[in-house]
Amino acid sequence: MQFARINDITIHYQVIGATGEKPVLVFVNSLGTDFRIWRDVVVRLAGEFAIVLYDKRGHGLSDVGQVPYSIEDHATDLAALLDLLSVRQAIVCGLSVGGLIAQSLYQRRPDLVRALVLSDTAHKIGTAEMWDARIAAIEAHGIEAVADSVLERWFTPAFRRPENVAFAGYRNMLIRQPVAGYIGTCAAVRDADYTEAAKKIAVPVLCVVGEDDGSTPPDLVLSMARLIPGARYEVISEAGHIPCVEQPEILTAILRPFFELVMHGDKDE
């Protein structure tokens, strides 16, 4: 395990491969998860790319720090981690709140971003009323009180079947996240609006979404893609909000040609 002291908190991260020798992929996980959600995609790409994964503040093995957060706080952490690792011009892949963090990173530190993969995310996610209600429920009763409704949006019925031990594991991942970190990040998502910023993104962007995503449905992700100049848009069948868990092979098959396009385009410049 690898840890770094960043912005007065301890961040848990992992680097696979030599970042100075190969193109770098950075993966940013969703609300209520840690970086292990990317495993089945990473194992398909390791060796071709250098890969950076990390637990954002308030999640996984990283410190909670001062709450509530803003998306900019999360992006500042990621920028500092990439600076520590001497990473520049990475392809940043963000899922859900991770996609908001990726958009903020590009806005604040475009030198760090070569391209963006925005998975199951949007320029603005949900309403203030929705997020305030979730925060209140968790403050009163804990994450487990909202777990079933959250998991219904994360995964398809086929994945949520009782005999699927992986589903039980991901439920454990959700309910074992630090309550303060989860609530702090809910507030960050509630307050984030990248509608205008999305229109100014000038790097290659791939927007992907699970066909059955109940958190950021395909129409919402498509609306974001239409804001971003030249963005590509793909829908993954038989997947909910976390395609990297439910359909890693399909997701990787979508990512590869986009990565090749990004790399080939740079070579032609």
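Biologist: Which hand does the crossing of helix 2 and helix 3 have, left or right?

Modeller: Helices (H or I, at least four residues) and strands (E, at least two) are DSSP runs numbered from the N terminus. A crossing is left-handed if the near helix is turned anticlockwise from the far one by less than a right angle, and right-handed if clockwise. By that rule, helix 2 and helix 3 cross in the sense called right-handed.

Biologist: Before we go on, what kind of model is this?

Modeller: Residues are numbered from 1 along each chain as its sequence is written, and side-chain values use heavy atoms, without hydrogens or water. Local features need pLDDT of at least 70, side-chain atom pairs count only at pLDDT 80 or more, and totals for chains, interfaces and linings use all residues, since the model is predicted.

Biologist: Back to that first pair, then. How are helix 2 and helix 3 oriented to each other, and which residues of helix 3 make the contact?

Modeller: The axes of helix 2 (residues 71–84) and helix 3 (residues 97–108) come within 8 Å and cross at roughly 70°; axes are lines fitted to C-alpha atoms, for helices over the stretch in contact, with angles from 0 to 180 degrees between N-to-C directions. Helix 2 and helix 3 are therefore roughly perpendicular (65 to 115 degrees; under 35 is roughly parallel, over 145 roughly antiparallel, the rest oblique). In contact terms (heavy atoms within 4.5 Å), helix 2 brings Ile 71, Glu 72, His 74, Ala 75, Thr 76, Leu 78, Ala 79 and Leu 82. The helix 3 side has Val 97, Leu 100, Ile 101, Ser 104, Leu 105 and Arg 108.

Biologist: And helix 2 against the strands: at what angle does it run to strand 4?

Modeller: Helix 2 lies across strand 1, strand 2 (9–16), strand 3 and strand 4 (50–54). Its angle to strand 4 is about 140°.

Biologist: What's the strand order of the open sheet, and which strands stand at its edges?

Modeller: Eight strands build the open sheet, with mixed pairing, in the order 1-2-4-3-5-6-7-8. Each edge strand has a single partner, so one side of each is left without a neighbour in the sheet. Neighbouring strands are turned against each other by 25° on average, direction ignored. The edges belong to strand 1 (2–6) and strand 8 (232–236).

Biologist: Do strand 3 and strand 5 pair in the parallel or the antiparallel sense?

Modeller: Strand 3 (residues 24–28) and strand 5 (residues 90–95) are joined over four bridges. Val 26 stands opposite Val 92 of strand 5. The sense of this pairing is parallel.

Biologist: How are helix 4 and helix 7 oriented to each other?

Modeller: Helix 4 (residues 128–141) and helix 7 (residues 179–191) pack at about 170°, with axes 9 Å apart. They are therefore roughly antiparallel.

Biologist: Which residues of helix 6 are in contact with helix 5?

Modeller: Helix 5 and helix 6 pack at about 130°, their axes 10 Å apart, and are therefore oblique to each other. Helix 5 contributes Glu 144, Ala 147, Asp 148, Val 150, Leu 151 and Trp 154. Facing them from helix 6 are Phe 167, Tyr 170, Arg 171, Leu 174 and Ile 175.

Biologist: Where does the cis peptide bond sit, and what is its omega?

Modeller: Pro 68 is in the loop between strand 4 and helix 2. The cis bond joins Val 67 to Pro 68, with omega about -5°.

Biologist: Last one: what is phi of Ser 86?

Modeller: Ser 86 sits in the loop between helix 2 and strand 5. Its phi is positive, in a residue other than glycine, and lies near 60°.

Key:
Pairing = 2+ DSSP bridges.
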